[in-house]
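Colleague: I have some questions about how the terms are applied to this structure. Could we go through them one by one?

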Amino acid sequence: MKRLHAVVLFVLGFAAAGVFSGAVIADVTTTTSTATTTVATTTDASTTTTATTSSANTVPNGVRVAGVRVGGLPVADAVAAVQAAFDRDLAVFVDGKPVQLDPTSVATAYAATAVARARISEPGTNVKLAVAVHGPALRAWIAALAKRVATPAVDAALTFKHAKPVIKPAVNGRVLDQRKMRAGLIVALQSNSRLPVHFRTRAVKPSVPTGTFSAVIVINRELNRLYLFDETKLVRVFKVATGQSIYPTPTGTFHIVVKEKDPWWYPPTYDSWAKGLKPVPPGPDNPLGTRWMGLSVPGVGIHGTDEPASIGYSESHGCIRMQVPDAEWLFTKVQVGTTVYIV
């Protein structure tokens with residue numbers, strides 16, 4: 001009976017041991033499976049992290065910087081592309097003639113800053129490029145160009161050949177509007193545009209324009225003649241009286257500086273022949289007649305006379321005498337500033 005109990009207990013103990021061993025095997029299997037899953041998860045996480053880092057170092061697709069396509073490029077390549085685009089010469093045309101402007105000599109482009117913004121921009125964005133224009137350098141470049149393209153105005157000129165007027169016509173000059181060019185170049189540089197920019201010089205009028213010498217007087221002392229020209233075209237010829245040999249009419253180029261109707265005559269204090277004479281008011285006995293056209297030489301002028309018989313001879317005290325009606329007609333055809341050439 002005791003032996004039977006011992007056998008039963010032995011069997012029960014062996015069964016319990018088997019159950020316990022099975023539980024241990026199950027636990028080991030579960031632990032191994034969990035470890036494998038953990039390794040797999042870690043490997044996936046590592047792969048994802050690597051892909052994210054690579055994307056962060058490139059510019060999103062479709063992004064531009066000042067019109068330059070940088071989408072999909074690494075940052076360093078994008079910066080180089082933007083800078084290279086900015087460094088290209090800008091074609092500047094003045095009156096159709098080209099000249100090249102090196103942008104790097106007058107401005108600085110902040111390519112790296114623009115690309116940094118591009119990295120965080122949405123696809124399709126065109127990021128603005130910040131450009132600092134160096135005012136003194138740009139002004140110096142424009143000033144040098146303006147000096148090179150400028151042409152000075154040429155005044156009309158009057159000369160005489162064989163006692164006849166010869167007129168050289170006036171020519172307009174050209175000058176560059178430096179302020180307008182500066183504004184246009186700043187816009188082109190800051191927009192990073194390399195389309196040609198065009199400027200035109202403006203005309204500068206001469207100080208003495210063509211037409212200034214519409215009336216020209218030539219007086220020949222030897223012939224006692226006065227010739228009125230419209231520029232180079234002879235209009236009329238008058239007999240006149242010129243100065244005596246002791247009081248000669250001066251020769252040279254002069255201008256009418258004063259015009260007077262019905263003038264007073266005042267005796268010249270520096271001439272002995274007028275000593276004791278008194279001023280004469282306007283009227284038939286006035287030595288100047290009814291018109292006085294004073295020249296740019298003291299005491300000499302073109303005027304009428306109360307001695308019509310002296311016309312055609314050298315009878316005056318230096319002035320140019322005319323018949324009163326002739327002097328009145330001439331008075332209406334000349335202006336202060338009219339050139340008088342006496343030979």
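Predicted model: local features only at pLDDT ≥ 70, side-chain atom pairs only at ≥ 80, totals over all residues.

Colleague: What makes β3 and β11 a pair of strands?

Modeller: Pairing needs at least two bridges between the strands. Three bridges join β3 to β11, so the two count as paired. They run parallel.

Colleague: Which strands make up the sheet, and in what order?

Modeller: The order is β4-β3-β11, in an open sheet of three strands with mixed pairing. From one strand to the next the twist averages 25 degrees.

Colleague: Why are β4 and β11 called edges?

Modeller: Each has a single partner strand, so one side of each has no neighbour in the sheet.

Colleague: Which helices pack on the sheet, and at what angles?

Modeller: α4 touches β3 and β4, and its direction makes about 160 degrees with that of β4. α5 lies across β3, β4 and β11, running at about 175 degrees to β11.

Colleague: Which residues touch the most other members of the largest nonpolar core?

Modeller: They are V65, V92, L129, W141, M181 and L185, in a core of 37 residues. α4 gives the most to this core, with five residues. A second, separate core has 22 residues, including I256 and F331.

Note on methods:
Residues numbered from 1 in each chain as written. Heavy atoms only, no water. Core = buried A, V, L, I, M, F, W, Y, C linked by side-chain atoms within 4.5 Å. Buried < 20%, exposed > 50% of the residue type's maximum accessible area, 1.4 Å probe, protein only. Helix = DSSP H or I, 4+ residues; strand = E, 2+ residues; numbered from the N terminus. Axes fitted to C-alpha atoms, helices over the stretch in contact; angles between N-to-C directions. Contact = heavy atoms within 4.5 Å.
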